[in-house]
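Open the model in your viewer and keep the selection panel at hand. Each stop below says what to select next and what is there.

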Amino acid sequence: MASYPTPSAYQEAVQFPESAFLDATLQQATPRTNVLGLPQPISGAFAVVFPMTDAHNQRWAAKCFLTDVPDQQARYEAIAAHLSEHDLPALVTFDYQQPGIRIEGEAYPLLKMEWVEGTALNTWIRTHRDDPDALQALATAWADLLADLEARQIAHGDLQHGNILVVETDSGPALRLVDYDTMYVPALDGRPSPEVGHRNYQHPDRTERDFGPALDRFAGLVIYTAIQATRVRPALWDRFDTGENLLFRDSDFYEPEQSPLVQVLGDTEAIAPLVSHLETACYQSPEQVPTLAQVRDGTAEVPARSREELASTRRAARTTARTAPRTPWATFALPFLIAGLVLAAILGWTVNVLVGVGLGTVVAVGWAAGVAYQYRAHPIVRRQRRLQHEADRHTALIETMERELETLAEQKTEVKSSVEERRAERLEEVQDEALYNKLKHHFIGEVGAVDGVKHRDVVRLKANNIRTAYEATPEALSKVRRIRDTTKARINMWRSSLVQTYADALPDELSPAEERRLQRYITRRVERIETEAARVREKIRVYEAERRRTNARQEEQPSLSVRRYLAHLAYLTDLPKGDPGPPRPSNTSTNGQASADTPDRPAPVSEGPWWTQGTT
């Protein structure tokens, strides 16, 4: 996999849009800058975005990728083709460019996307949590959006607060979706998903193989339930919000009957049926989750028993049975194989050897394919793959952040070592300013007194906006037509003599004020780099904590090897239970209240794209 630039490397390049970007519009655009005048990057987990304003005052988002994603260009081309046939106000225009930006002579892909003014979903809900009418309007808009997407066979793939913006309109809140890296359209059918979505919104068993039109159903149900829960019980927001979720966390999905939040919501009569659907969805496979429309209109299958009975049955099953019941596939897989091979042998003996061998081969290959499919689809294997994907994802994030730390360290060294160079540059600017103050009083008419310079030459100089000795530089003279080279040489000599006259009056060192200004600039640059490095180190700490948490959950989940699965099909062993879930979280007390001491819940770090920050 190719190594991509760090956010700091992109920032350096974007200082000069005309040479960094290959897109004509972005070449003439101006990046949003920070207090030091440098481009302001908005970093996400796998990309960094620079807000740009073009010559027509149109705002764009230049999204630069931090990691290489296979088939990324083909995916975006398929998405663009499908969206061009389906006009949805919630989706924004984009242009995937390969290549799109140059970093140190190397070209990398770029996503140019329309800038969306809006408020991140979690921020909007937090602001309106005491306004039930506004939240109901938002819930309705959300349900309508999901129905529109599914009707057009579109799935976003990573529905979460950072990728959903709320825009205020005269008719109420409107929704906009951004970040289409994991979007599904029919042309991508059969491909794996490049990512498996935000852990606090996705089905606990979702893997990269779960990639289809039903992809958004679980996350859509989670978000809808969270909106309705906040509308009914707004006090829950302060209790369960982490800044990286909408009430629910991934631990709530792994074992919902042990979740304090699910317990509280299940006891809330107004939304208890909705919570029952969500709880049931946690134990279904991702593709079995009903649509939000089915849940709302009552056509989705409702759990036959009460929530308490369902939880009691599951707890009893965990304590009385350590193995899973044998599925119909596991029951008949081996007999089917034996029967097929026996039939093949009989046909080979009675009809033709080739017929028997052919049938036996077909049976064996088909059986092996079925075993492979059923093994990968097994809940234990799916959950382990999901957790391994999470661990690998955090490892990749840590590696990216470590490369960013190295880049920042190099920048810090470069800034400190560039003091003399910057001092020389500033001294040259100061000397030029002093020379201007001297030469601006020598009007170009004075050159007419020089032998060989005629009045018409002075007129031509003025016509070319050369009106003082300061403006009569050799570069400016070279562009003036219809003046002889010998005359230009005399004018240059006249200007040089004036420069020599004032040479002693030009400063040969910076003033104390200029020195202080230079030192302040260097200090601020170093402090900003150190601040950014501290932020990156904090991100690494958070990602390492999340990886440890994922690894711990992975160790606590049952595992299933191919060897044991084959032994199970051969009736040589049983399989472990597929849904033991994690132990009760240590950050909750016995009465279901959130504990004040939460050592296993690191401070949230925004992993969303640019739209998670800086929007209003």
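Select D179 first. D179 sits in the loop between strand 9 and helix 7. This is a predicted model. Check the backbone: D179 is not a glycine, yet its phi is positive, at about 65 degrees. Is D179 buried or exposed? Its relative accessibility is 12%, so D179 counts as buried, the cut-off being 20%.

For contrast in setting, jump to N465. The loop between helix 18 (455–463) and helix 19 (474–478) holds N465. Here too a residue other than glycine has a positive phi, near 65 degrees. N465 is exposed, with a relative accessible area of 56%. As background, most residues other than glycine have a negative phi, and most peptide bonds are trans.

Now select Q98 and P99. The peptide bond that joins Q98 and P99 is cis, with omega at about 5 degrees. P99 belongs to strand 5.

**Aromatic pairs**

Stay with strand 5 and show F94 together with Y180. How far apart are the ring centres of F94 and Y180, and at what angle are the planes? The centres are 5.7 Å apart and the planes stand at 75 degrees, so the pair is edge-to-face. F94 lies in strand 5 (residues 94–103), while Y180 lies in the loop between strand 9 (172–177) and helix 7 (217–232). The pair therefore ties together parts that are 86 residues apart in sequence. Both ends can be checked for burial. F94 has 18% relative accessibility and counts as buried. Y180 is buried as well, with a relative accessible area of 0%.

Next, select F218 and F253. Their ring centres are 5.2 Å apart and their planes lie at 85 degrees, so this pair is edge-to-face. F218 is in helix 7 and F253 is in helix 9 (residues 250–254). The pair links distant parts of the chain, 35 residues apart. F218 and F253 are both buried.

How many aromatic pairs does the model hold? The count comes to ten.

**Charges over rings**

Select R59 and W115. R59 lies over the face of W115, 4.5 Å from the ring centre. Then select K112 and W60. The charged end of K112 sits over the W60 ring, at 4.4 Å from its centre.

**Helix 1 against helix 16**

Show helix 1 (residues 7–14) and helix 16 (residues 379–417). The two pack at an angle of about 50 degrees, and their axes are 8 Å apart. That angle makes helix 1 oblique to helix 16. Which residues meet here? From helix 1, pick P7, S8, A9 and E12; from helix 16, pick E404, T407, L408 and Q411. Colour this contact by class and you get three nonpolar, three polar and two charged residues.

R537 is placed in helix 21 (residues 512–556). Leave out residues up to four places away in sequence, and R537 touches L405 and E530. With 47% relative accessibility, R537 counts as partly exposed.

**Helix 20**

Move to T487, in helix 20 (residues 485–501). T487 is buried, with a relative accessible area of 5%. What does T487 contact, leaving aside its neighbours within four places in sequence? The partners are G452, V453 and D457.

**Zoom out**

Show the whole chain as a cartoon. The secondary structure comes to 22 helices and nine strands. Colour by burial: of the 616 residues in the protein chain, 49% are buried.

Methods:
Residues are numbered from 1 along each chain as its sequence is written. This is a predicted model: local features need pLDDT of at least 70, side-chain atom pairs count only at pLDDT 80 or more; totals for chains, interfaces and linings use all residues. Side-chain values use heavy atoms; hydrogens and water are left out. Axes are lines fitted to C-alpha atoms, for helices over the stretch in contact, and angles run from 0 to 180 degrees between N-to-C directions. Helices (H or I, at least four residues) and strands (E, at least two) are DSSP runs, numbered from the N terminus. Angles under 35 degrees count as roughly parallel, over 145 as roughly antiparallel, 65 to 115 as roughly perpendicular and the rest as oblique. Contact means heavy atoms within 4.5 Å. Ala, Val, Leu, Ile, Met, Phe, Trp, Tyr, Cys and Pro count as nonpolar, Asp, Glu, Lys and Arg as charged, and the others, Gly among them, as polar. Rings of Phe, Tyr and Trp (its six-membered ring) pair if their centres lie within 6.5 Å; planes under 30 degrees apart count as stacked, over 60 as edge-to-face and the rest as tilted. Buried means under 20% relative accessible area, exposed over 50%, partly exposed in between (1.4 Å probe, protein chains only). A charge sits over a ring if NZ of Lys or CZ of Arg is within 6 Å of the ring centre and within 35 degrees of the ring normal.
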